[in-house]
Amino acid sequence: MAADGNGFEDPSADVLAQAAAAFGLLASSARLHIVWALAQGESDVTGLAERVGGALPAVSQHLTKLKLAGLVRSRREGRRQVYFVDDPDTVDVVRLMVGRLTDRAAPARRLHGL
């Protein structure tokens with residue numbers, strides 16, 4: 001690993017690849033909305049579809065991708081699968097980014113009377 005002028009070491013290629021894959025999955029606004037919703041609390045696919053405004057099959061496919069990446073997990077409760085975010089660091093990153101962008105948009109909405 002190489003260090004920059006400030007003494008910080010560059011992450012390994014493996015770490016960068018993992019981060020790029022996670023950010024790639026979250027680059028979909030639908031998947032980002034699902035992770036945002038799950039960061040607020042657990043849900044089944046029906047509840048998520050209603051919350052994010054997606055079709056049940058599409059939300060299910062997004063959840064499968066997020067599960068394969070290790071960002072989301074599920075457990076069975078009777079006949080339904082309950083989903084939750086498995087990575088608290090991902091929750092922190094999503095909340096930080098969405099919160100910052102929301103804060104930036106607030107002054108613009110006030111200026112435009114929205």
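Predicted model: local features only at pLDDT ≥ 70, side-chain atom pairs only at ≥ 80, totals over all residues.
Biologist: Fine. Which residues does T90 touch, then, leaving out those up to four places away in sequence?

Modeller: L26, V35 and L71. T90 itself sits in helix α5, which covers residues 88-111.

Biologist: On to the core. Which residues touch the most other members of the largest nonpolar core?

Modeller: That core has 20 residues, and I34, L38, L48, V59, L63, L66 and V72 touch the most other members. At least two core residues each come from α1 (13-26), α2 (29-40), α3 (45-52), α4 (56-68), β2 (80-85) and α5. The largest share is from α2, with five residues.

Biologist: Take L48. What does L48 touch, again not counting residues up to four places away in sequence?

Modeller: I34, A37, L38, S43, G53, V59 and L63.

Biologist: Now the charged pairs. How many salt bridges does the structure hold?

Modeller: Five. One of them joins D44 and R80.

Biologist: What makes D44 and R80 a salt bridge?

Modeller: The cut-off is 4 Å, from a side-chain nitrogen of Lys or Arg to a carboxyl oxygen of Asp or Glu. In D44 and R80 the closest N and O atoms are 3.0 Å apart, so the pair qualifies. D44 lies in the loop between α2 and α3 while R80 is in strand β2, so the bridge ties together parts 36 residues apart in sequence.

Biologist: How do you know whether D44 is buried or exposed?

Modeller: D44 has a relative accessible area of 17%, and buried means under 20%, so D44 is buried.

Biologist: And why is R80 called partly exposed?

Modeller: Partly exposed runs between the buried limit of 20% and the exposed limit of 50%. R80 is at 38%, so R80 falls in that range.

Biologist: What makes R75 and E77 a salt bridge?

Modeller: Their side chains meet at 2.8 Å, N to O, and the limit is 4 Å, so they count. E77 also meets R80, at 3.3 Å, N to O. Through shared partners, salt bridges join E42, D44, R75, E77 and R80 into one network.

Terms used: Residues numbered from 1 in each chain as written. Heavy atoms only, no water. Helix = DSSP H or I, 4+ residues; strand = E, 2+ residues; numbered from the N terminus. Contact = heavy atoms within 4.5 Å. Core = buried A, V, L, I, M, F, W, Y, C linked by side-chain atoms within 4.5 Å. Buried < 20%, exposed > 50% of the residue type's maximum accessible area, 1.4 Å probe, protein only.
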